[in-house]
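I opened this model to note its layout, its core and its ligand site. My entries are kept in the order I looked things up.

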Amino acid sequence: ATTTIPKTQKVILINDTGSYDVLKYQDHPVPSITDNELLVKNKYSGINFIESYFRKGIYPSEKPLILGRESSGTVVAKGNSVKDFDIGDKVAYLSGSAFAQYTKVDAAGKVVKLPKDANDETLKLYAAGLLQSLTALTFIDEAYNVKKGDFILNYAAAGGVGLILDQLLKERGAHTIAVVSTEEKLELAKKHGAEYGIISSKEDIVTRVKEITNNQGVDAAFDSIGKDTFETTISALKRKGTFVSYGNASGPVSPFPLTKLTGNIKILRPSLFSYIATSEEWKHYSREFVSLVSSGKLKINIGHVFPLSEYPKATQLLEERKTTGKLVLEIPQ
Ligand code: NDP
């Protein structure tokens, strides 16, 4: 069944760290697979902010590095030991080197089977929703277990992860305070369930949080901004509140003395992948995701779809804060 698979393919890779010009759309060998792997012909790939950390060198990597870590598509080859998947299966997965026409994926890894008749819209939805929904789902259970009535500060609330958090927090009965840079973004966050809004370009975050929470501060903050908002988030928390620091959109948080954690606040720096490390954890959360999306309870807001070759332009818009919702790449077939 491998006869129709080409030897080379188009990918987005980097040989160096740097700005957008280090991103290359070029030919690269199609990977060969081992006994426990699948070869997936990708149809859609989800863009995540994390790719920019690898490109900038905030996170280390070996080069060349093919970017991308989530896609959906069709299984076109499988290793001899693979029992749970067949050629022709439609799948969505989390795995490296996803900004490519073909990606090898561990069959026992982070891969979900989609209905055989899944159409392009379904494939697009799963490539768009998987990583960011699992991030939101694991974080509101395990990083800080959100309870009814909690006040929660949600940064980048109109972004990919942010719009999903808005919905899940509302479902939990929490009061979400969305932090966004523009009126348009606030409108979108509110449509997805945020109750209050702070426009960071115009308003002081701590002052507004104090007003909204009757001077108490928030029970927890989901802060993906990093460096620029660290002090602000500390000041916005309630006594015994939880600081979930989970991203570096403005740069990594600077080292700080533990005595910063006044008022018995807790801080953690979670990564999605450490919440879905075992197959039980993966099954639990991926099933929850599939059920929420297929029932329509969770909406994945796709801001824009770009062809694979236009990833550099797409990430530039993302990094310049010009996008809302999720950005998706369509892979040439
Ligand atoms: P988003 O769609 O949320 O885009 C990033 C948003 O961050 C921007 O739209 C912007 O919103 C806001 N932002 C604020 N300050 C800056 C700045 N200085 N530069 C750029 N953006 C800024 O991206 P994603 O949904 O892909 O990711 C959201 C965050 O979650 C990222 O930080 C990402 O790294 C993190 N993440 C972490 C995971 C983990 O496991 N720890 C897993 C998944 C995501 P605005 O204009 O409204 O301020």
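The entries below run from the whole chain down to single residues.

**Ground rules.** I am working with a predicted model: local features need pLDDT of at least 70, side-chain atom pairs count only at pLDDT 80 or more, and totals for chains, interfaces and linings use all residues. Residues are numbered from 1 along each chain as its sequence is written.

**Whole chain.** I found eight helices and 16 strands. Helices (H or I, at least four residues) and strands (E, at least two) are DSSP runs, numbered from the N terminus. I checked the radius of gyration, taken over C-alpha atoms, against the globule rule of 2.2 Å times the number of residues to the power 0.38. With 333 residues a compact globule would come out near 20 Å, and the chain has 20 Å, so the two agree. Along the principal axes, the C-alpha atoms fill a box of roughly 65 × 40 × 35 Å.

I then looked at burial. A residue is buried if 20 or more other C-beta atoms lie within 10 Å of its own, exposed if 12 or fewer, and partly exposed in between, with C-beta atoms placed from the backbone. Buried residues are 47% of the 333.

For contacts I used C-beta atoms, placed from the backbone, within 7 Å. Among contacts between residues at least 6 apart in sequence, 65% join residues at least 24 apart.

**Domains.** The chain is divided into domain 1 (8–130 + 277–330) and domain 2 (149–269). These bounds come from an automatic or database domain assignment. Their centres, over C-alpha atoms, are 28 Å apart. Ten residues of domain 1 are in contact with 13 residues of domain 2. The domain 1 side of this contact has four nonpolar, three polar and three charged residues. Here Ala, Val, Leu, Ile, Met, Phe, Trp, Tyr, Cys and Pro count as nonpolar, Asp, Glu, Lys and Arg as charged, and the others, Gly among them, as polar.

**Core.** A nonpolar core is a set of buried Ala, Val, Leu, Ile, Met, Phe, Trp, Tyr and Cys residues joined through C-beta atoms within 7 Å. The largest has 97 residues, and I152, L153, I177 and V218 have the most contacts inside it. Helix α2 (residues 120–143) gives the most, with 13 residues.

**Ligand.** Which residues come nearest to the ligand? Of the 30 around it, they are G159, G160, S181, S224 and G247. The cut-off is a C-beta atom, placed from the backbone, within 6 Å of the molecule. The elements giving two or more residues to the shell are α2, α3 (160–172) and α8 (311–319). Helix α3 gives the most, with three. I sorted the shell by class: twelve nonpolar, 14 polar and four charged residues. Domain 1 and domain 2 each supply at least three residues to the shell.

**Two single residues.** E184 lies in helix α4 (residues 183–191). E184 is exposed, because 11 other C-beta atoms lie within 10 Å. E184 and A158 are 26 residues apart in sequence and 9.0 Å apart in space, C-alpha to C-alpha.

P252 is in the loop between β13 (237–245) and β14 (266–268). P252 is partly exposed, with 15 other C-beta atoms within 10 Å. Leaving aside its neighbours within four places in sequence, P252 is in contact with I58, G226 and K227. P252 and K227 are 25 residues apart in sequence but 5.2 Å apart in space, C-alpha to C-alpha.

Methods. Contact = placed C-beta atoms within 7 Å.
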